[in-house]
Amino acid sequence: MSPSVTLKDIARAAGVSTAAISQALNDRGSMRPETRERIKAIAAELGYVPNRHATALRSGRTMTVGFVMVDDSEADRRAELQRARKLISLVRASAVHGFTVTVLPDSNPDLISGTTLDALYVPDARGNQPLLQAAIARGIPIVADDQFVDGSRGLSIRTGYDAAVRAGLDELERAGAKRILFLTEEGREPRDEIGRAAYEIWSSVRGREPLVRAVDPSRRTLPRLLTEALSDGADAVFAGAEDGPDVYLQLEEMRLVIPRDVQLVALCTTDCAVNRRLGVTHVCIRPDLAAEAMFETLPAALLDEGPRVVDLPWELVPGATTRPPLTASLVAAQAAQSVKAP
């Protein structure tokens with residue numbers, strides 16, 4: 001394929017004007033469908049490659065998106081890994097759509113004034129307000145994960161943490177769990193705050209007392225936290241810090257029979273293969289799809305006024321760590337048995 005093929009070359013081969021070629025290749029005008037397809041076939045045969053950047057210049061676009069990198073020396077390995085995955089996903093999606101990526105540290109909002117961007121992707125809302133304000137002031141559309149973009153143009157991507165937590169808790173409730181431990185991680189990561197808030201609201205609506213424990217990044221406190229929670233009456237665990245396999249193995253080491261003695265549901269992102277192999281019931285969310293969702297919505301975000309919201313998909317995968325849902329007859333039988341008990 002040669003990029004030297006021009007619209008004039010295609011027009012000469014097709015016997016039409018360059019204006020007709022442009023309309024056909026860009027799906028504009030009232031041209032007959034068969035003529036449009038014939039021109040496209042000739043263009044493909046000649047090896048025509050459209051110049052994306054020339055098109056971008058004519059439309060006023062830069063074909064560049066910014067990625068905000070949080071400058072946090074205290075970030076743990078899990079947070080750093082999540083950001084790295086999102087950056088890799090953005091680079092891959094950008095390459096497919098003909099865009100380049102500029103990485104901007106959130107600690108230097110003045111860099112915004114010297115950049116030309118079609119959009120600014122914010123994977124972590126924490127601590128980015130000065131940079132966001134600078135971008136909004138320049139009219140750059142903002143794309144943010146799990147944060148409502150309050151600007152004239154922008155895109156809020158809901159990665160599904162809150163919905164996934166509620167789904168996992170509902171699954172445990174259907175399986176008869178009465179006292180659910182919500183296991184999170186030490187620190188103040190936005191996704192952990194979202195998950196914890198969803199759990200506390202879910203518990204409040206059902207009149208349950210919340211039971212939250214925060215494990216350290218190395219998981220050294222996990223045995224003690226599980227022991228304390230079980231002593232407090234926990235009969236189920238929602239592992240909200242992507243530590244389903246660790247929790248599963250620790251419960252087995254404590255000689256507990258899963259799901260008879262305690263039930264388990266875990267949250268996981270991107271790769272849930274280990275949970276699947278162990279048979280752990282888990283809720284799989286896909287924050288790695290945020291970049292592709294951005295490009296699918298980006299043209300509208302550039303042209304239209306008003307923020308937009310996109311929900312990413314998530315999936316509840318049943319496993320062997322939860323019991324079958326309680327049926328009405330089984331609930332009645334258990335209630336009758338408890339009445340007969342002395």
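Mentor: For the residue classes, Ala, Val, Leu, Ile, Met, Phe, Trp, Tyr, Cys and Pro count as nonpolar, Asp, Glu, Lys and Arg as charged, and the others, Gly among them, as polar. The model is predicted, with local features needing pLDDT of at least 70 and side-chain atom pairs pLDDT 80 or more, whereas totals for chains, interfaces and linings use all residues. Residues are numbered from 1 along each chain as its sequence is written, and side-chain values use heavy atoms, without hydrogens or water.

A cavity here is a set of points, on a 1 Å grid over the protein atoms alone, where a 1.4 Å probe fits but cannot get out, and its lining residues have an atom within 4 Å of a point; points are joined across faces, edges and corners, and the volume is the space filled by probe spheres set on them. Two or more lining residues come from each of α5 (77-96) and α8 (190-205), helices being DSSP runs of H or I with at least four residues, numbered from the N terminus; α5 gives the most, four. By class, this lining comprises seven charged, five nonpolar and one polar residue.

The second largest cavity, of about 80 Å³, is lined by Gln82, Arg85, Lys86, Thr269, Thr270, Pro287 and Asp288. There α5 again supplies the largest share, three residues, while the classes are three charged, three polar and one nonpolar.

Key
On a 1 Å grid over the protein atoms alone, a cavity is a set of points where a 1.4 Å probe fits but cannot get out, and a pocket is an open set with protein on both sides within 12 Å along at least five of seven lines; lining residues have an atom within 4 Å of a point.
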